[in-house]
Amino acid sequence: MPTFIEKNCAYCSKIVKAGWADKRFCNTVCRSAHHNNSNQEIKKELYRNAAVIKKNELLLRDFFEINKTKDVDRRTVLDLGIDAKYYSKRIFSAHKKLEIIQMVQMCIVIIEDNNFQILPYESACNL
Ligand SMILES: [Zn+2]
């Protein structure tokens, strides 16, 4: 015998009239609408993350082009407005095995705790 428990649809909140205990939606329209909404949230978050990475990339490019230096300390990186929680990947340089935070083409190389270099990807990888 199916167990009937009265509960509300996870999408429209109407009472789910009949079904198994694990039935969450009143019909297939509500079920797919709910899952589309979940996917929309994931997509929105991905777009937000990509937007921060892109902003970080542009800030690093500007710094590198304008200042003509690659050496920076932590304060300088933060003052640029970089949000270092967002990056494309963390990798290690080929020779010195330094940690590299890659945005897109630009990278932050961690030389020491308060000593960084801002470099294009190819240069960073060859350290
Ligand atoms: Zn519903």
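**Exercise 1.** State how many residues lie between β5 and β6 in their hairpin, and in which sense the two strands pair.

*Solution.* Strands here are DSSP runs of E with at least two residues, numbered from the N terminus. Two strands count as paired if DSSP finds at least two bridges between them. β5 and β6 form a hairpin with three residues between them. Four bridges pair these strands in the antiparallel sense. Within this pair, isoleucine 101 stands opposite isoleucine 108 in β6.

The model is predicted: local features need pLDDT of at least 70, side-chain atom pairs count only at pLDDT 80 or more, and totals for chains, interfaces and linings use all residues. Residues are numbered from 1 along each chain as its sequence is written.

**Exercise 2.** Find which residue in the turn between β4 and β5 has a positive phi.

*Solution.* The hairpin of β4 and β5 has six residues between the strands. In that turn, lysine 97 has a positive phi of about 55 degrees. The strands themselves pair antiparallel over four bridges, with β5 covering residues 99–102. Lysine 89 faces glutamine 102 in β5 as its opposite residue.

**Exercise 3.** Give the strand order of the open sheet and identify the edge strands.

*Solution.* The five strands run in the order β3-β7-β6-β5-β4, with antiparallel pairing. β3 (71–72) and β4 (89–92) are the edge strands, as each pairs on one side only. Further in, six bridges join β6 (residues 106–112) to β7 (residues 115–120). Cysteine 107 stands opposite leucine 119 in β7.
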